[in-house]
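Please look over the sequence and the model shown here before reading on.

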Amino acid sequence: MLSPLREHLRDTFWFAPTAAMVLVCLVWLLAAELDDVILHGLQDQGEYDAVGDLIALADDAKTIVTTISSAMMTFIGVVFSISLVAVQMSAGQQTPRVVRLFVRSRITKATFAVFLATFLLSLLVLTSYDSDQEPRHVSSVPFLQALLTLAMVGLSLLLFVMYVNSTLRMLRVGHVVDRVTAEAFRVVSRMPYVEHGAAALDPEEGLGPETGRVTYAGRAGVLRDVNIAQLVRVARRQGAVLRVVPRIGDFVVPGTPLLAVHGGRAPSPRALRRCVSVGVERTFHQDLGFGLRVLADIALRALSAAVNDPTTAVQALDRIVQFLAALGPRPLLSPRYTDRRGAVRLVQSVPRWDELVDLAFTEIRACAAGNPQVVRRMFAAFDDLLSLVPPQRREPLLRHRELLVQSVERTVPGAADRSFTLQPDRQGIG
């Protein structure tokens, strides 16, 4: 998907509940209309006994609807307050960036949306009750509306069970690192795949002379993503090739060079108004290195003296190896996006292989020298990656492996301990 709108909506918590409440209002209007059709049809046919039965059933359901309307908001407040405390604990033990997983969780949004929709529906249904109980003169009997409310309560209970299960899974580090890795692979899947030699490693190569630059004029923040489809259209109208100067995830301030123009005219700031998204933190949408950044943060937090959980660091290293092994055979070329006629209109830069390896291992290596479990896992990681990546990509892995050996030799004084620590082990110490 070239437009980032869907990803931006996933990063918000207001859209799903708002849409659910609007939808439930429309469903309530439809149910009220059907109730009126049924009631007037029975009254026109003189079926007053049937009307009386509907009134009795609706009155029996009124007690339940009233209870739902009075208890649902309290239930929502208690459940989500406890959940937020759990998420805060998870963020403190792993990394604050895992909160994004909670915000992006579909089951979390669905549960909150259905809870609020059920509360709103119960209030709307209560307004439909008629104080007149005479079957000949009653103007409304919310029979279908009451049934709809009861169905929403059943759905709420089902989603509540699923929500509790999802929240408990988020407290488990294995599930968190798996979700982070899945998001990172989703970024890779969106990148256009090209064979080796099909495009230049240098993002400026083959684009012609630079004819101008567009500077950033918005608020300072992290470059979250760019609207690729819209930028391609803007470049086609200007007869130019646009090159995104900062990398996705860079912090930009007003005046930062944003786009380099190759050939043609530079687009106006108005044309670029909604082409660039800048926020307070990085996202997974187009940021190839963000998944490694989060996994490294989890490992670093686990290796800190406050947490001291090397097994969690090993779990993060498992996923780092998985991600780098998948990227190893893949050419990390600057993505080039074309218009309908096949002409290149937009070029982005991505992290190089050595930069990704540095991101994955530099900080963990510096903190893990005295921990044999993590060091042994890192040696096994280097050995596995060296056997999986092409020969031209082995140099940064060999460099980090040698630096890790030197760090262990400086940190571990005993020869026996040093020999034990330098042995590769995929489980650390098992």
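## Overall make-up and confidence

What percentage of the 430 residues in the protein do buried residues make up? Buried residues make up 49% of them, where buried means under 20% relative accessible area, exposed means over 50%, and partly exposed lies in between, with a 1.4 Å probe and protein chains only. The protein has 14 helices and 8 strands, these being DSSP runs numbered from the N terminus, H or I of at least four residues for helices and E of at least two for strands. Of the contacts between residues at least 6 apart in sequence, 80% join residues at least 24 apart, a contact being heavy atoms within 4.5 Å.

This is a predicted model, in which local features need pLDDT of at least 70 and side-chain atom pairs count only at pLDDT 80 or more, while totals for chains, interfaces and linings use all residues. Residues are numbered from 1 along each chain as its sequence is written, and side-chain values use heavy atoms, with hydrogens and water left out. The mean pLDDT of the protein is 84, with 88% of the residues reaching 70 or more; pLDDT is the predictor's confidence in each residue, from 0 to 100. Over residues 194-201 pLDDT stays under 50, and for this stretch the model has 14 contacts beyond four places in sequence.

## Helix α11 and its two partners

Helix α10 (residues 310-327) packs against helix α11 (residues 353-368) at an angle of about 170°, with the axes 11 Å apart; axes are lines fitted to C-alpha atoms, for helices over the stretch in contact, and angles run from 0 to 180 degrees between N-to-C directions. The two helices α10 and α11 are therefore roughly antiparallel to each other, given that angles over 145 degrees count as roughly antiparallel, under 35 as roughly parallel, 65 to 115 as roughly perpendicular and the rest as oblique. On the α10 side the contact is made by L317, I320, L324 and L327, and on the α11 side by W353, L356, A360, F361 and I364. These residues divide into 9 nonpolar, no polar and no charged, with Ala, Val, Leu, Ile, Met, Phe, Trp, Tyr, Cys and Pro counted as nonpolar, Asp, Glu, Lys and Arg as charged, and the others, Gly among them, as polar.

The axes of α9 and α11 come within 9 Å and cross at roughly 0°, which makes α9 roughly parallel to α11. In this contact L292, R293, A296, A299, L300 and L303 of α9 meet L356, L359, A360, E363, I364, C367 and A368 of α11, and the residues divide into 11 nonpolar, no polar and 2 charged.

## Selected residues

R377 lies in helix α12 (residues 372-388) and counts as buried at 5% relative accessibility. A polar contact of 2.6 Å joins the side chains of R377 and D318, the term denoting a pair of N or O atoms within 3.5 Å, of which, within protein, one must be able to donate a hydrogen and the other to accept it, while residues adjacent in sequence count only if both atoms are side-chain atoms.

V176, in helix α7 (residues 173-190), is buried, with a relative accessible area of 1%. The C-alpha atoms of V176 and I298 are separated by 9.6 Å, although these residues are 122 residues apart along the chain.

N308 is found in the loop between α9 (290-303) and α10, is exposed with a relative accessible area of 55%, and has a positive phi of about 55° although it is not a glycine.
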